[in-house]
Amino acid sequence: MKRAALLALALSFVVTGCGEDPSSPLVCNAWAVADGGACRARAFTLPADGEALSGPGARRVSVAFDSEGRALVVWDEAGAVNVDELFVAEEDAGGGFSLHEPAEALEGLSSQGVVLGGAAGDAVVAWRQAGGDGSSRVFVSERGTDGAWIHPAGEEDSFSFGAKAYEPRVAARPSGETLIVWNQWYDPEHYGVALATRPSPGAPWAMPASATDVLSPPSYFSNAPQITVNDRGDGLISWYQSGGGPLMAFCSERFAGGAFSRPAVDDFLSAPGGEIDSDQIANPKPALAFDGRAAVTWTQHDGGGAVAIFLATRDAEGAWTRPASLADTFSTGEGESRDARAAFGPSGEMYVVWSQDEDDSGDPSVYLAQRAPGGEWVHPGKQPLVLSTPGAQAITPILVVGRSGGALVAWSERVDGRFRIAARRGGPEGFGAIEILSTPGEDAFWPAAAIGGPGERAVVAWIEGDPQIARVRAAFVE
């Protein structure tokens, strides 16, 4: 894949030096590099005109970096009648991409694919495979440390039990431990959160003992499980589920690599009385800091006609602070909020992003709240920083934070009748200007992003073009 570089303006928050002593080492932030005694901004490299990773009809893109900093991109494309095909684009050392079809030996529709780059070149792709008989199973492909892929050969290689499972998500530690969660049908009437783990690349998977071996309480359906882990082995899984009343936010947690907890039906994070909102991507979403601090953020009906952002946080000792009531919103509690997610930086700083329409105009903006490592709010949830273009309709924000502290937010916003992919980069010191990544004059949606590998490369991928001919395009920060 050839790339046409766009030399961006230097970001306003770049540190240009440190101290008055000219002999002191130059310190630049995560989005700049030292160059001739000054800090030079790391620019986005945009795709050349017409350059795309996929064929036409692409949807639902996911991205990751492996431990060597090579990008992995997964998406599904509309194929023949009743067949959607799953593709993985794998970057090589020269910046080119090769394509794989992990579900090639399977029948049915492949969708909801997620990709993760693991330790020592290892990679994992998980997806939902829907059969023509109404079945829905979870499958997994693995790339070993030797670079060879192992794809499922048939239905017998399903990761899930029976004929009903979906919504797989993947997480991994630098040690090589990999974890996969999904929604699993069990008994005659429930979906539950199933978990499989693998201690290192090539090691056997520790699977659920049976379809009934789930982390969620036996009550109706679990929905949209999400998982995250940190370096020392803490883990956090979140989902939403009814305990017999409104949909509530739940979480399962583990500490330092121990066992995941199994919450009771009344052990939920959200405030009672209002239903958790159904998010197009996933809701609620977990985040973990390196020291064990944690957060879960979600959108919920507040009982007054609005859909607000709510936030539960955990300190390093394991104590949770949860919303006291439906009035205890994180955002202003006006209008309709969507796509809330949080992330921690390496020093414990925390960011929360979301999209919110405060005046029912149908023109939401993308907002960011920022908390300093000491716990004080730089931009509190009720007085957030507006990231998107004023007057634009901005939706589906995503947020990633690198190990060096660089934060990246990307979203889709409508300007002059077209949706485009916009991004802002920053960190504890602030955020820079809006950068437009997609092709002018083309609609662009559903951004995905990752930061990783040596040197902390960054990538934003998205779907661009009319639905029948839409393709995956990607921009990189080297």
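This is a predicted model: local features need pLDDT of at least 70, side-chain atom pairs count only at pLDDT 80 or more; totals for chains, interfaces and linings use all residues.
How much space lies in the largest cavity? The volume comes to about 40 Å³.

**Figure 1. The largest cavity and its lining residues**. The count of cavities of 30 Å³ or more comes to one. The largest cavity is lined by Ala30, Trp31, Arg42, Gly402, Ser404, Gly406, Ile451 and Glu456. By class, this lining divides into three nonpolar, three polar and two charged residues. Rolling a probe the size of a water molecule over the atoms shows where empty space is left.

**Figure 2. The hairpin of strand 33 and strand 34**. Strand 33 spans residues 444-452, and seven of its nine residues are buried, so the strand is largely enclosed by the rest of the structure. Its partner, strand 34, covers residues 457-464, and the two pair in the antiparallel sense over seven bridges. Gly452 stands opposite Arg457 of strand 34. Four residues lie between the two strands of the hairpin, and in this turn Gly453 has a positive phi of about 80 degrees. Two residues from this part of the chain, Ile451 and Glu456, are also among those that line the largest cavity.

**Figure 3. The open sheet with strand order 9-10-11-12**. This sheet has four strands, and their pairing is antiparallel. Strand 9 (109-117) and strand 12 (149-150) are the edge strands, each pairing on one side only. Strand 9 pairs with strand 10 (residues 123-130) in the antiparallel sense, over seven bridges. Within this pairing, Val115 has Val125 in strand 10 as its bridge partner. Strands of a sheet pair through backbone hydrogen bonds, either parallel or antiparallel.

Figure 4. Asn223 has a relative accessible area of 17%; because buried means under 20%, Asn223 counts as buried. A polar atom of the Asn223 side chain lies 3.1 Å from the backbone oxygen of Phe221. When neighbours within four places in sequence are left aside, Asn223 is in contact with Glu167, Asn183, Trp239, Tyr240, Gln241, Leu247 and Asn283.

Key:
Residues are numbered from 1 along each chain as its sequence is written. Side-chain values use heavy atoms; hydrogens and water are left out. On a 1 Å grid over the protein atoms alone, a cavity is a set of points where a 1.4 Å probe fits but cannot get out, and a pocket is an open set with protein on both sides within 12 Å along at least five of seven lines; lining residues have an atom within 4 Å of a point. Grid points are joined across faces, edges and corners, and a volume is the space filled by probe spheres set on the points. Ala, Val, Leu, Ile, Met, Phe, Trp, Tyr, Cys and Pro count as nonpolar, Asp, Glu, Lys and Arg as charged, and the others, Gly among them, as polar. Buried means under 20% relative accessible area, exposed over 50%, partly exposed in between (1.4 Å probe, protein chains only). Two strands pair if DSSP finds at least two bridges between them. A polar contact is a pair of N or O atoms within 3.5 Å; within protein, one must be able to donate a hydrogen and the other to accept it, and residues adjacent in sequence count only if both atoms are side-chain atoms. Contact means heavy atoms within 4.5 Å.
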